[in-house]
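Please look at the structure first, then read the points by topic.

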Amino acid sequence: PMFSSLGLHDGPLTVYDLESLSRAPTTVILPACDAGRASVRHGDELLGTAAALLQVGVRTVIAPVTVVPDAGVVPPLMEELHRLILAGVAPAAALVRARQELARTLDDVQAATAASFVAIGRC
């Protein structure tokens with residue numbers, strides 16, 4: 001898991017990279033795939049991107065627990081989520097409010113996509 005990576009514009013970011021930081025980011029938002037999903041491995045070890053980020057000191061991870069389509073709901077949900085967090089709303093509360101704000105305009109598939117995003121950690 002230490003060499004698991006997130007593909008960023010300027011190259012991969014690994015858990016190893018995050019461990020070398022003097023201070024981990026407080027909130028990480030992973031708006032793709034099923035980045036919030038974890039699995040239990042031998043010895044009851046919890047593996048997954050969110051679990052690895054929490055281990056290095058990230059306080060809150062917001063990510064979907066199912067595969068999500070990039071088009072449709074993800075861009076407006078992320079825009080509203082970021083706007084609320086920048087306005088000082090706690091990440092978990094911002095996620096709830098962003099989903100509520102968009103609920104009026106979403107069809108059933110989009111609503112299910114938005115509902116698949118969870119806040120993990122000390123929200």
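Predicted model: local features only at pLDDT ≥ 70, side-chain atom pairs only at ≥ 80, totals over all residues.

Helix α3 passes α4 in a right-handed crossing.

**The α3 and α4 pair**

- Two packed helices are described by the angle between their axes and the distance between the axes.
- Here α3 spans residues 74-86, while α4 spans residues 91-103.
- Their axes come within 8 Å and cross at roughly 135°.
- Angles over 145 degrees would count as roughly antiparallel and 65 to 115 as roughly perpendicular, and α3 and α4 are therefore oblique to each other.
- On the α3 side, the contact is made by P76, L77, E80, L81, L84 and I85.
- On the α4 side, the residues involved are P91, A94, L95, R97, A98, R99, E101 and L102.
- Sorted by class, this contact has 10 nonpolar and 4 charged residues, with no polar ones.

**The sheet**

- Strands of a sheet pair through backbone hydrogen bonds, either parallel or antiparallel.
- In this model, 3 strands form an open sheet with mixed pairing, in the order β3-β6-β7.
- The edges are taken by β3 (27-29) and β7 (117-121); each has a single partner strand, so one side of each is left without a neighbour in the sheet.
- From one strand to the next, the twist averages 20°.
- β3 and β6 run parallel and are joined by 3 bridges.
- T27 stands opposite T60 in β6.
- β6 (residues 60-64) pairs with β7 in the antiparallel sense, over 5 bridges.
- T60 has G121 as its bridge partner in β7.
- P64 is bridged to F117, also in β7.

- α3 lies across β3, β6 and β7.
- Relative to β3, the helix α3 runs at about 165°.

**Burial of β6**

- How many residues of β6 are buried? The count is 5 of the 5, so β6 is largely enclosed by the rest of the structure.
- Both faces of the strand β6 are covered.
- T60, I62 and P64 are buried on one side of β6, and V61 and A63 are buried on the other.

Key. Residues numbered from 1 in each chain as written. Heavy atoms only, no water. Pairing = 2+ DSSP bridges. Helix = DSSP H or I, 4+ residues; strand = E, 2+ residues; numbered from the N terminus. Axes fitted to C-alpha atoms, helices over the stretch in contact; angles between N-to-C directions. Contact = heavy atoms within 4.5 Å. Parallel < 35°, antiparallel > 145°, perpendicular 65-115°, else oblique. Left-handed = near helix turned anticlockwise from the far one by under 90°. Nonpolar A, V, L, I, M, F, W, Y, C, P; charged D, E, K, R; others polar. Buried < 20%, exposed > 50% of the residue type's maximum accessible area, 1.4 Å probe, protein only.
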